[in-house]
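Let's take a quick tour of this fold, piece by piece. Have the structure open while you read.

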Amino acid sequence: MSEATAILKTFNTTKFDQTVEIAIRLGIDPKQADQLVRGSIVLPNGIGKSLRVLVFAKGDKIDEAKAAGADEIGGPELAEKIKGGWTDFDVCIAAPDMMGVVGPLGKVLGPRGLMPSPRAGTVTPDVGKVIKEYKAGKVEFRNDAGGNVQAVVGKLSFDAVKLAENITAFLNHVIGLKPAAVRGQYIKGIVISATMSPSVRIQV
């Protein structure tokens, strides 16, 4: 892993700090509901980017969200703003008692992967904790129609060891999510790449 990240860092030839992504080809049948792979993880060294976090909350949860560093907090008025097409945020979190307000936003937020859901951990009574996780570098992922999982694992400016730690943590997490229904080889291919670089294949 450290060898792969060292090779990737040789492509650091741009004026901006390139984002590093991992792509894993899984031996799953994405058409089967019991073989879907999705989840989230707080990477050990963050992702080198501060995410803009929006929170739907009321009452005490507003103060909790403010203390945790949320960028936008609101209720029905915020929902109306989103209905008008505003989506200048990376993560949307909702307290359970706000889902009546958030539910109708599915048509706007769903296609952008921003719709809060209990399964993803973004509908939660513990809004402060979840906000802090995303601010610390939490990444969400889910397999696509081809059975692949992709995620951001850092920046090219990270040293090779920190990048390797992030990649290893992500890979181990995905391995731990192997559906019981999967037969045969689960991890079929792994590549890492930066925004403007060729892919570097990691041996499975």
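Start with a pair of helices: α2 (residues 60–68) packs against α6 (residues 127–135) at an angle of about 20°, and their axes are 8 Å apart. Helices here are DSSP runs of H or I with at least four residues, strands are runs of E with at least two, and both are numbered from the N terminus. Axes are lines fitted to C-alpha atoms, for helices over the stretch in contact, and angles between N-to-C directions run from 0 to 180 degrees. Keep in mind that this is a predicted model, where local features need pLDDT of at least 70, side-chain atom pairs count only at pLDDT 80 or more, and totals for chains, interfaces and linings use all residues. Residues are numbered from 1 along each chain as its sequence is written, and side-chain values use heavy atoms, leaving out hydrogens and water.

**How α2 and α6 meet**

- α2 and α6 are therefore roughly parallel to each other (under 35 degrees counts as roughly parallel, over 145 as roughly antiparallel, 65 to 115 as roughly perpendicular, and the rest as oblique).
- On the α2 side you'll find K61, E64, A65 and A68, which meet V127, G128, I131, K132 and K135 of α6 (contact means heavy atoms within 4.5 Å).
- Sorted by class, the residues of this α2–α6 contact are four nonpolar, one polar and four charged (Ala, Val, Leu, Ile, Met, Phe, Trp, Tyr, Cys and Pro count as nonpolar, Asp, Glu, Lys and Arg as charged, and the others, Gly among them, as polar).

**The three-stranded sheet**

- Three strands line up as β4-β3-β5 in an open sheet with parallel pairing (two strands pair if DSSP finds at least two bridges between them).
- β4 (72–74) and β5 (91–94) sit at the edges with a single partner strand each, so one side of each has no neighbour in the sheet.
- On average, neighbouring strands in this sheet are turned by 15° against each other, direction ignored.
- Four bridges link β3 and β5 in the parallel sense, and L54 stands opposite C92 in β5.
- Lying across β3 and β4 is helix α3 (residues 76–83), which runs at about 130° to β3.

**The four-stranded sheet**

- Another open sheet has four strands in the order β7-β1-β8-β9, and its pairing is antiparallel.
- Its edge strands, β7 (148–155) and β9 (200–202), each pair on one side only.
- From one strand to the next, the twist averages 25°.
- Strands β1 (residues 19–26) and β8 (residues 187–194) run antiparallel and are joined by seven bridges; V20 has A194 in β8 as its bridge partner.
- Helix α1 (residues 2–9) packs on this sheet and touches β1, β8 and β9, with its direction at about 35° to that of β8.
- Helix α7 (residues 160–176) lies across β1, β7, β8 and β9, and runs at about 155° to β7.

**How α1 and α7 meet**

- The axes of α1 and α7 come within 8 Å and cross at roughly 125°.
- These two helices, α1 and α7, are therefore oblique to each other.
- α1 passes α7 in a right-handed crossing.
- S2, T5, A6 and K9 of α1 make the contact with A160, L163, A164 and I167 of α7.
- By class, the α1–α7 contact has five nonpolar, two polar and one charged residues.

**How confident is the prediction?**

- The chain has a mean pLDDT of 94, with 100% of its residues at 70 or more (pLDDT is the predictor's confidence in each residue, from 0 to 100).
- Confidence is lowest in α1, at a mean of 88, and highest in strand β3 (residues 53–56), at 98.

Notes: Left-handed = near helix turned anticlockwise from the far one by under 90°.
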